[in-house]
Amino acid sequence: MESHKCEILTRGYELDRASLIPPVIFFRYMEHLRWVSAASGAMDLMQLLSRGYLLVVAGQQLHLHRQVGMGVRLEASMKVNHAGRTSLTLSQAFREGDDLVAQGQVAAVLLDPTGAPAPLPEELRALAGAEPAPELCPRLEAARPDETWSWPTTVRPSDLDLYNHANQSS
């Protein structure tokens, strides 16, 4: 199965307080790579999107191997690992030269114009590899580690994307 690739140059306005690219920006890079792939015909999704279909993210995982700062040229690559009846599993990787910086995995579901799950076209099924994607972030079986934290937040209208998702909020 061929992978789709593009180059991403990290930018200064993406940096956090430590002058590093934070994980949320890698989720944006993952989204960017999916759109570049759809627009280039690598996944042939633009026809479906123009007819009102949506490929929505059902879940994502990110494993950050090391952090990078501004002005780093990353080679982003993506391949379809698995195609179910209505869903795809995509594996994405970000490399600086031969060095793996981050890898991600996305489960996406195809929705028809009414919002119901739709069967994947054969052209998309044909892109899937034979091997299942490796589990990047296994589920914790024990109690929550002491060093974890959480905080409540309010989603503002400006945090929503064009599908009313808050997944790309700042």
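Predicted model: local features only at pLDDT ≥ 70, side-chain atom pairs only at ≥ 80, totals over all residues.

Student: What span should the 18 residues of helix H1 have?

Tutor: At 1.5 Å a residue, helix H1 (residues 23–40) should span 26 Å, and the distance between its end C-alpha atoms, 26 Å, agrees with this.

Student: Which residues of H1 are buried?

Tutor: The general idea comes first. An α-helix has 3.6 residues a turn, so residues three or four places apart point the same way. In H1, the buried residues are Ile 25, Phe 26, Tyr 29, Met 30, Leu 33, Arg 34, Ser 37 and Ala 38.

Student: What covers the buried residues of H1?

Tutor: The covering elements include helix H2 (46–50) together with strands S1 (4–9), S2 (54–64), S3 (73–83), S4 (87–96) and S5 (99–111).

Student: Is Leu 90 buried or exposed?

Tutor: Buried is the label for a relative accessible area under 20%. Leu 90, a residue of strand S4, has a value of 0% and is therefore buried. In sequence, Leu 90 is 17 residues from Ala 107, while their C-alpha atoms are 6.5 Å apart in space.

Student: Where does Thr 10 lie, and what is it in contact with?

Tutor: Thr 10 belongs to the loop between S1 and H1, and it counts as buried because its relative accessibility is 2%. Beyond its neighbours within four places in sequence, its contacts include Ile 21, Tyr 29, Val 68, Gly 69 and Leu 74. A polar atom of the Thr 10 side chain lies 2.7 Å from the backbone oxygen of Gly 69.

Methods. Residues numbered from 1 in each chain as written. Heavy atoms only, no water. Helix = DSSP H or I, 4+ residues; strand = E, 2+ residues; numbered from the N terminus. Expected span 1.5 Å × (residues − 1). Buried < 20%, exposed > 50% of the residue type's maximum accessible area, 1.4 Å probe, protein only. Contact = heavy atoms within 4.5 Å. Polar contact = N/O pair within 3.5 Å; in protein donor to acceptor, adjacent residues only side chain to side chain.
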